[in-house]
Amino acid sequence: MAHRQAFYDPFASIHLRLEESTPSYSISEWFPAPLPNHETPDGEAAIMMMSDQSPIALKPLPLPLIIANPSPDTDGDLESQRGRASIQLPIKGQGVIAVRVPPGDCEGLTISVWSSSSGVFPPTMLSLNLRKKSCSLEYSTPDNTTPIEWKKPKSEQASYLQEGTVEETYWLSVDRPNGWIRWGRGYTNVALATGEVELKYKDDTGVMVWKDKGKFEWLDTVQDVRYTLWGPNYDNSNAKIVVLPLPLVADLPPYIINNSDVTLSDLENNNFTVPQNLTPECQRLYHNVAGANILLDDKSFPYFSQAIQESVNTEGKLGFNMLAKKAAEFGKPDIEGTYLRITLGRDMGDSPGVPYVLEIWPAGHYSPIHDHGDSNAVIKVLHGLIHAKYFDSLTVQPRPNQIGTAILKQGDITWLSPNNYQVHQLCNPDGKGPTGLVAITIQCYRYTDQDKVHHESFRYLEKDGGPEVKEFVPNS
Ligand SMILES: [Fe+2]
């Protein structure tokens, strides 16, 4: 998929299908009861639902996205142009609402959930309010509104509405089974949560129950969703909303193992994922490189990895000289800030460059922080150690935030997809020197099959550079 933003957002894999769909749904199909101040549609929003791996429905739908007569905003008297849209969760009490916010001077985003099945209007609501200098989660009845205290996995500022220089996705996850309300920015992962609150606890019988039954029990049947998006002179006509049917509970871990190796402990602790949990493209890549014979030191050349190590560690030898030539590849000359890439096979047109790449990482060498053109990838460590660091976005200011890490040793296999681990940095953590242990990986890439906008490059940030995102065309 083309680089529409630094991280994957839930819109990525369904973007193209939108053009093939027929907008044939009326507003009445989506509104169980008329909304107050509901006015004539003056814009169009795309309403889409999808699972984590593939769309389950796609319905472009005319909506009252821009209200013709601006009303005072909730924070003051500012004249605002408001965008509103409503939709229902496909499963009562759970799901993720993701709103794509176009760039511009947006002053506020509110996502509210309620249950119209009670027949009471206005209903009891839970609302997430994101502003440029505040974030609040509120519980409101027809009579009053009370704030809910929430936890801050990163910082309070991280949950604020960001400066609108680039398109951003903000999401809210409602998790009825476990009682978690989470929200965040970027792709829909628990690791990207910027705020969360746990509204249930496990009682003596082991059942999860609401902490304040009278206050929150209605969340069991919550299904209606509305968002408002506003700002003076803010053009919100390209805003979009996506609803995912499952809440965000736990992210898939970065390590893949074969299903025959999974233990009960692994299931309990979420240590590994099996390839069957991944995108079809990652499954395909996994089965191409996971085999026992994808290795360096075979009978024909049992000392291959040792020879590579000596070549890159010894001044004047081929590997060392090649690295020296590439020292300025990602910015200021820095021989440790690069690595060697050797392509295998040919570019079949379904990946950014040649799909199979052998990468050689001398001790202490590292990549820049980069993304993968919204492609899928599987990486197998053939020799040595690789330290993977995962980040939230290339474009977040002042620099990306690290959201996770993984240490991969020889034989380990990891993955990334448009939805997970898309922005990372790899390094060989071994100590530099003539005996430093070289790391060698095979990386393979594949675009999502529906992706018809192949961006033949990765994007990266220079180590000591500014916020400018650079482009890197994969080559050998
Ligand atoms: Fe990478």
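I call a residue buried if 20 or more other C-beta atoms lie within 10 Å of its own, exposed if 12 or fewer, and partly exposed in between, with C-beta atoms placed from the backbone. This is a predicted model: local features need pLDDT of at least 70, side-chain atom pairs count only at pLDDT 80 or more, and totals for chains, interfaces and linings use all residues. Numbering runs from 1 along each chain as its sequence is written.

**Positive phi**

I looked up Asn270. Its phi is near 55 degrees, positive in a residue other than glycine. Asn270 sits in the loop between α3 (264-269) and α4 (280-289); helices (H or I, at least four residues) and strands (E, at least two) are DSSP runs numbered from the N terminus. Is Asn270 buried or exposed? Asn270 is exposed, because 12 other C-beta atoms lie within 10 Å.

Next, Asp374. I find a positive phi of about 60 degrees, and Asp374 is not a glycine. Its loop joins β19 (369-370) and β20 (376-383). Asp374 counts as buried, because it has 27 C-beta neighbours inside 10 Å.

**Core**

I checked the largest nonpolar core, which has 85 residues. Such a core is a set of buried Ala, Val, Leu, Ile, Met, Phe, Trp, Tyr and Cys residues joined through C-beta atoms within 7 Å. Ile97, Val99, Leu109 and Val378 have the most contacts inside this core. Domain 1 (12-244) and domain 2 (255-472) each supply at least three of its residues; the bounds come from an automatic or database domain assignment.

**Whole chain**

I note 6 helices and 27 strands in the protein chain. Buried residues make up 43% of its 476 residues.
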